[in-house]
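Let's ask what lies behind the labels put on a structure.

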Amino acid sequence: MNRLMLVLYGVAAVVTLLYPALSEARIAANHNETLVRDPS
Amino acid sequence: MSSRFRPRRAVVRFLARLTHRLARSSQVRGDHQRAERLLQRAIELADGTLGDMEFAVVLNDLGVLYKTLGRFDEAERVYQRVGDLVVASRGEDSLEAATLYHNLGGLEHARGRHALGEPPARRALEIRERLLGSDHPDTAADAAALAAILDGQGKRDEAERLIRGALIVFERTYGPEHYEIAVNLNNLGALRQAVGDVLDAERLYRQSLALKEKLLGPAHPDVAVTANNLAVLYKTQQRYSEAERCYRRALAIFERSLGPSHPRTIACREHHAGAVRAAQTEVASDLLREERRA
C-alpha cells in the first residue's frame, strides 16, 4: 500500500512539473504592432 | 523497441521543455538576450528527443524572437524549417499551419513589405475562420494581425473593421485587461491618427500605454512602441516638449532591449532628433518674435 502511494505521489509530482511545459506546447503567434513613422 | 522507456532520454526531454519554458518567460518580460540563449539551448536539447510538432513549437519561438530583434533573414530560415515540420505532421490547412502563415505575414509586416504579408495573413484567417469560427480569440488574433498589414498599405476601412471586431472578441474572452487588447488599442490609435482623428488617437494610445505599463512593466519594448506613437502625435500638434519626452523614453527602452542598430531604434532616434530640432526652431522663432516686438 505504501509503495502504491509512493508511486502515485511520484506520478503526481512529475505531471505537476511537466504540465506547464506541455500545456504551452502550441505554436505561438506573433503580434503585428504598428510603429508610426514621423511624417516630417 | 523505440518506445522503450529510456531514463536518460526522458531527462533530456524534461530539460528541453523546462529550458523552453524559461525562454518563453524571458521573452514575455522583454529580456531578449537571455531568451535567445535559452532557446538555442532548448533547441539543442529538443532536437531528436521531442516529437516533430513539439520541436516545431520551440523553433517557432526562435523565429518570433529573431523577427522581434530585426534579424529577418534568420527568422525566415527558421520559419521555413517550422513550415516543413508543420506541413509534414499536420498538413497545409491545419490550425498549426494557420499560425505559421500568421507569423510569415508578421515577418513581412516587420520588414515593411506589407503587400507580401497580406496573402499569408489572409490564408491564416481563412483557415482559422473555417476551423474555429469567427468568434474565437485565435481567429480574432489573425484578423488583428491582418489589420496591421492592411493599415501599412493604406487599406484603412477594412483594417479598422477587422481591428474593432477583434477587440470585441478579445474583451469578451479575456476581459478588459489583456495584452491583445493593449496591442490593438495601439494599432487602432495608429489607424485613427492616419485618418486625422487626433483626439481619438491620443485617447487610444494613452489607454494602450497604461495597460502595457500595468501588464508588462514600464521598461518593456512594447511600451516604447506606443510611447513613440504618442510622441509622433504630439509632434504633429506642435506639442514639442511632450513629444521630446516621449521619444526620449521610447529611445532609451529600444536601445536597451533591442540594441542600437535595430530598425525600430534607428527610426525612433531619427524621430527624437527631429523633435529636438523642431523644439529648438520653435524656441528661436519665439525669441525672434519677442525681439521684434520689443
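Q: What makes the meeting of H9(B) and H11(B) a contact, and which residues take part?
A: This is a predicted model. In it, B:Asn186, B:Gly189, B:Ala190 and B:Gln193 of H9(B) meet B:Val225, B:Thr226, B:Asn229 and B:Leu233 of H11(B). Two residues are in contact if their C-beta atoms lie within 7 Å. By class, this contact has 3 nonpolar, 5 polar and no charged residues.

Q: Why are H9(B) and H11(B) called roughly parallel?
A: H9 (residues 179–194) and H11 (residues 221–236) of chain B pack at an angle of about 20 degrees. Angles under 35 degrees count as roughly parallel. H9(B) and H11(B) are therefore roughly parallel to each other. Their axes lie 11 Å apart. The crossing of H9(B) with H11(B) is left-handed.

Q: Why are H6(B) and H7(B) called roughly antiparallel?
A: The angle between H6 (residues 114–132) and H7 (residues 137–152) of chain B is about 160 degrees. Angles over 145 count as roughly antiparallel. H6(B) and H7(B) are therefore roughly antiparallel. Their axes are 9 Å apart, and their crossing is left-handed.

Q: Which residues make the contact of H6(B) with H7(B)?
A: From H6(B), the residues include B:His114, B:Gly117, B:Ala121 and B:Leu125. From H7(B), they include B:Asp138, B:Ala145, B:Leu146 and B:Ile149. The residues of this contact divide into 8 nonpolar, 4 polar and 6 charged.

Q: Why does B:Ile163 count as buried?
A: B:Ile163 has 24 C-beta neighbours inside 10 Å. A residue is buried if 20 or more other C-beta atoms lie within 10 Å of its own. B:Ile163 therefore counts as buried. Its place is in helix H8 (residues 156–174) of chain B.

Q: What does B:Ile163 touch, not counting residues up to four places away in sequence?
A: B:Ile163 touches B:Ala144, B:Ala147, B:Asn184, B:Asn187, B:Leu188 and B:Leu191. The C-alpha atoms of B:Ile163 and B:Ala145 are separated by 8.5 Å. Those two residues are 18 apart along the chain.

Q: How do you know that domain 1 of chain B touches domain 2 of chain B?
A: 15 residues of domain 1 are in contact with 10 residues of domain 2. On the side of domain 1 that touches domain 2, helix H3 (52–68) and helix H4 (72–90) of chain B each give two or more residues. H4(B) gives the most, with 9 residues. That side of domain 1 divides into 8 nonpolar, 4 polar and 3 charged residues. Domain 1 covers 9–91 and domain 2 covers 94–175 of chain B. Their C-alpha centres lie 23 Å apart.

Q: How do you know which elements make up chain B?
A: Chain B has 13 helices and 0 strands. Its C-alpha trace spans about 95 × 35 × 35 Å along the principal axes. Buried residues make up 46% of the 294 residues in chain B. Of the contacts in chain B with a separation of 6 or more, 51% join residues 24 or more positions apart.

Q: How many residues of chain A and of chain B are in contact?
A: 19 residues of chain A are in contact with 40 residues of chain B. The side of chain A that touches chain B divides into 9 nonpolar, 5 polar and 5 charged residues.

Definitions and conventions
Residues numbered from 1 in each chain as written. Chains lettered and ligands numbered in written order. Predicted model: local features only at pLDDT ≥ 70, side-chain atom pairs only at ≥ 80, totals over all residues. Domains from an automatic or database assignment. Helix = DSSP H or I, 4+ residues; strand = E, 2+ residues; numbered from the N terminus. Nonpolar A, V, L, I, M, F, W, Y, C, P; charged D, E, K, R; others polar. Axes fitted to C-alpha atoms, helices over the stretch in contact; angles between N-to-C directions. Parallel < 35°, antiparallel > 145°, perpendicular 65-115°, else oblique. Left-handed = near helix turned anticlockwise from the far one by under 90°. Buried ≥ 20, exposed ≤ 12 C-beta atoms within 10 Å, placed from the backbone.
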